[in-house]
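Please consider how the parts of a protein chain pack together.

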Amino acid sequence: MGRITFNLNGSKVEVDASDELPLLYALRDELGLKATRFGCGDAACGACTVIVDGVARTSCDLPVSAVAGCRVETAEALDVDPAHPLLEAMLAHQAGQCGYCLSGIVMAAKAYLDAGGGDDRATIAQALDANLCRCGTHARILDAVEDAARRIAGGAA
Ligand code: FES
Ligand code: FES
């Protein structure tokens with residue numbers, strides 16, 4: 001048990017937690033941010049994906065102690081005014097059905113776009129390969145990320 005400090009969506013946060021507590025539970029249960037989802041709990045579905053220091057990571061298998069001093073982003077970071085172009089594109093293309101997978105998918109997509117990724121569909125699909133969508137809305141998700149890349153390139157960001 002110890003106090004762990006990191007930057008969460010631009011603000012410094014502290015949690016009192018065991019070193020082994022998965023970041024997913026620290027986010028949801030200790031910090032009250034519910035966008036990040038539990039899917040498989042075994043690093044196999046991507047529902048819990050967040051961004052740590054610019055890299056998409058599954059948070060169900062990442063101890064909170066491993067992000068001490070790091071910059072962590074969750075899907076809540078996109079819900080700003082004006083909305084992030086990726087969120088605008090996801091809504092415009094209705095890129096989801098039940099929506100359960102989407103928090104993880106948007107974070108994997110954001111990491112891709114933040115790293116300068118463009119609108120090539122095959123490259124986007126590769127970047128999202130670790131994220132499953134049980135509803136099978138992959139085509140609309142890819143449409144949305146392509147659109148987001150074009151919006152960002154066009155100066156919408
Ligand atoms: S819940 Fe973390 S990868 Fe599935
Ligand atoms: S929209 Fe339902 S799991 Fe992806």
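What follows describes the interface between the domains and then the cores.

This is a predicted model, in which local features need pLDDT of at least 70 and side-chain atom pairs count only at pLDDT 80 or more, while totals for chains, interfaces and linings use all residues. Residues are numbered from 1 along each chain as its sequence is written, and side-chain values use heavy atoms, with hydrogens and water left out.

An automatic or database domain assignment sets the domain bounds: the protein chain comprises domain 1 (2-74) and domain 2 (78-153). The table lists values for this pair.

| Property of domain 1 and domain 2 | Value |
|---|---|
| Distance between C-alpha centres | 20 Å |
| Area buried between them | about 1,100 Å² |

Buried area is the accessible area (1.4 Å probe) that two parts lose on being put together, summed over both. Of the area that domain 1 buries against domain 2, Arg 37, Cys 45 and Ile 51 supply 38%.

One salt bridge is found across this interface; the term denotes a side-chain nitrogen of Lys or Arg within 4 Å of a carboxyl oxygen of Asp or Glu. Glu 73 forms a salt bridge with Lys 110, with the closest N and O atoms 2.7 Å apart.

A nonpolar core is a set of buried (under 20% relative accessible area, 1.4 Å probe, protein chains only) Ala, Val, Leu, Ile, Met, Phe, Trp, Tyr and Cys residues joined through side-chain atoms within 4.5 Å. The largest nonpolar core has 27 residues, including Leu 86 and Val 145. Val 145 is in contact (heavy atoms within 4.5 Å) with residues including Leu 86, Tyr 112 and Leu 128, leaving aside its neighbours within four places in sequence.

Key
Chains are lettered from A and ligands numbered from 1 in the order in which they are written. Buried means under 20% relative accessible area, exposed over 50%, partly exposed in between (1.4 Å probe, protein chains only).
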